[in-house]
Every structure is written in structure tokens, then in C-alpha cells.
Amino acid sequence: MKKLTATLFAIAFICSISFAQNKISNQSSQTISDKGTWELTPNIGFNFASLQANSYQQTASKVGLNIGASIEYYISDRWSFKGRLAFDQKGWGNGFIVPDNGPSYTTDFTLNYVTTTLLASYHFAKKRNWYLHFGPYFANLISASESAGGMDVKDAFSSGDIGLDAGIGVRLPISEKAKIIIEYDGQSGFGNVFKSGTNATTLRGSFNFGVNLKFN
């Protein structure tokens, strides 16, 4: 329910900003980006991450930070390729720890990754300011902790994660060389989050929402 609410909010926010753009005067009739254009984008946003194992109930979502940068090259006014490097906080809430000595207890998990994403983007609408993107991501775990006991639990988790990223965004020009980017995307991993201790395939999922400033 929390993810559905966040999704609806993000879509409504993107649409409202896009409609507001139509009221801006003196806009160029040209498309936003042309073939051969390079664009650099600092990225900052928030993740809504959770964990799901096969048919078991999904865990509570946990909010984390997503910060990095991407570089994009346009092969036409409709298609581009983008590479993104980011510090990516994932995890989940209301998990539990089973210590060697003592009873288990409920806690939240925070997993910090350095994530590389390779995306193909399809740009549409009259000025090609809307886009859909998709592609693989590769994440390297740099730290992991739990909140209740403050323990470092990195050794319990797999060192890396591979999965798919897909999303939607809109680019709103504010000058000839700069644009505001509003983007919403999701990731789903293929591998087991744990090194051992479960036979179930455990997937990491996250939904990211960000407002960024892009420069040509």
C-alpha cells in the first residue's frame, strides 16, 4: 500500500509539473535534445526499498538516499543511452536478528551500495521531453547494518546484486543549457540477498524518486 501511494503521488507530481510547463511563454519549437548531444546530470533522490522471498509476505519499506551522477548520449531525438553511478541505500524494515546467544529481536536493515546502471531511453511527446528508460544495474555492497543493536552485518549478505531498472521521467527546460529532471523508476534484483541460511530466492526491490538539474 505504501508503494502504491508513493507511485500515485510521483505520477501525479510529474504530470502536474509537465502541464505547468505548457504555460511557460517563449518556448522553442525544437525538441529538447538532438542527435549527437551529450548531457551530464547530478542525481539526488530517495529510495523506497523492501525485500520479498518467493511467495512470502513482503517486508516493510525503508526510505534511503540515492545520490550520484549520470552521463547520457543521444543517437537520435528519440533514443539515447545513459550510464549512471550512484551511492544507493536499500534495506527493509521490521526484519529480525537471530543471535548466537539470546532471543531474536526485530530490527531494520540498511544496505549501502555503489550501483552502476546502463540504460536505454525512449523519448516521446511533441518535444520529446518525456522518456521511458530500461536496462541492467550492477551493485557492489559496501556496508550493511541493523538499527536495534547497531551491529555490522555485512558478512551475512551477498557482496553484489544484479537486476533490472525501469522508469519514467520528464525534462523541463529552464534555459538553453539546463533542464530540471523529474524521474521515477524501480529496480528488482535477481540474486539472493543473503550469503546462506535460506533456500528461498530473495529479491531486493526499490522505487526511486528524484528531482535533478541537468546540464548540456
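# Burial, salt bridges and rings in a predicted chain

Student: How much of the chain is buried?
Tutor: Buried residues account for 42% of the 216 residues in the chain, and this is a predicted model.

Student: What's the order of helix and strands along the sequence?
Tutor: The chain has one helix and eight strands, and reading along the sequence gives the pattern α-β-β-β-β-β-β-β-β.

Student: OK, salt bridges. How many does the structure hold?
Tutor: The structure holds six salt bridges. One of them joins Arg-171 to Glu-39, with the closest N and O atoms 3.8 Å apart. That pair links distant parts of the chain, since Arg-171 is in strand E6 and Glu-39 is in strand E1 (residues 38–53), 132 residues apart.

Student: Is Arg-171 buried or exposed? And Glu-39, buried or exposed?
Tutor: Arg-171 counts as buried because its relative accessibility is 1%, and Glu-39 is likewise buried, with a relative accessible area of 1%.

Student: Which residue does Arg-128 meet in a salt bridge?
Tutor: The side chain of Arg-128 meets that of Asp-77, at 3.2 Å from N to O. Arg-128 lies in the loop between E4 and E5, and Asp-77 in the loop between strand E2 (62–74) and E3, so this pair ties together parts that are 51 residues apart in sequence. Arg-128 is buried, with a relative accessible area of 15%, whereas Asp-77, at 27% relative accessibility, counts as partly exposed.

Student: And what does Glu-183 pair with?
Tutor: Glu-183 forms a salt bridge with Arg-84, the closest N and O atoms being 2.7 Å apart. Glu-183 belongs to strand E7 and Arg-84 to strand E3, so the pair ties together parts that are 99 residues apart in sequence. At 9% relative accessibility Glu-183 counts as buried, and Arg-84, at 9%, counts as buried too. Salt bridges with shared partners join Lys-82, Arg-84, Glu-183 and Asp-185 into one network.

Student: What else does the Glu-183 side chain touch, as a polar contact?
Tutor: The side chain of Glu-183 makes a polar contact with the side chain of Tyr-131, at 2.4 Å.

Student: While we're on polar contacts, which side chain does Thr-115 contact?
Tutor: The side chain of Thr-115 makes a polar contact with that of Asp-88, at 3.3 Å. Thr-115 is in strand E4 (residues 105–124), and at 2% relative accessibility Thr-115 counts as buried.

Student: Switching to rings, how many aromatic pairs are there?
Tutor: The count comes to nine aromatic pairs. Among them, Trp-92 and Phe-157 form an edge-to-face pair, 6.0 Å centre to centre with 70° between the planes. This pair links distant parts of the chain, with Trp-92 in strand E3 (residues 79–97) and Phe-157 in the loop between strand E5 (130–146) and strand E6 (160–173), 65 residues apart. Trp-92 is buried, with a relative accessible area of 5%, and Phe-157, at 2% relative accessibility, counts as buried as well.

Student: Why is the pair of Phe-157 and Phe-194 stacked?
Tutor: The ring centres of Phe-157 and Phe-194 are 5.3 Å apart and their planes are at 25°, so the pair is stacked, the cut-off for stacking being planes under 30 degrees apart. Phe-157 is in the loop between E5 and E6 and Phe-194 in the loop between E7 and E8, 37 residues apart. Phe-194 is partly exposed, with a relative accessible area of 25%.

Student: Which residues form an aromatic cluster?
Tutor: Trp-79, Tyr-122, Phe-124 and Trp-130 form one aromatic cluster. As for charge and ring together, the charged end of Lys-90 sits over the ring of Tyr-113, 5.9 Å from its centre.

Student: Back to the E7–E8 loop: is Val-193 buried or exposed?
Tutor: Val-193, which lies in that loop between E7 and E8, counts as buried because its relative accessibility is 0%. Val-193 and Gln-52 are 141 residues apart in sequence and 9.9 Å apart in space, C-alpha to C-alpha.

Student: And Phe-190, buried or exposed?
Tutor: Phe-190 lies in the loop between strand E7 (178–189) and strand E8 (202–215), and at 53% relative accessibility Phe-190 counts as exposed. Together with Leu-118, Phe-138, Ile-162 and Leu-164, Phe-190 makes a nonpolar surface patch of about 500 Å².

Note on methods. Residues numbered from 1 in each chain as written. Predicted model: local features only at pLDDT ≥ 70, side-chain atom pairs only at ≥ 80, totals over all residues. Heavy atoms only, no water. Patch = residues over 30% accessible without salt bridge, like charges linked within 9 Å, V, L, I, M, F, W, Y side chains within 5 Å. Areas by Shrake-Rupley, 256 points an atom, 1.4 Å probe, with all protein chains shown as cover. Salt bridge = Lys/Arg side-chain N within 4 Å of Asp/Glu carboxyl O. Helix = DSSP H or I, 4+ residues; strand = E, 2+ residues; numbered from the N terminus. Buried < 20%, exposed > 50% of the residue type's maximum accessible area, 1.4 Å probe, protein only. Phe/Tyr/Trp six-rings, centres within 6.5 Å; stacked < 30°, edge-to-face > 60°. Lys NZ or Arg CZ within 6 Å of the ring centre and 35° of its normal. Polar contact = N/O pair within 3.5 Å; in protein donor to acceptor, adjacent residues only side chain to side chain.
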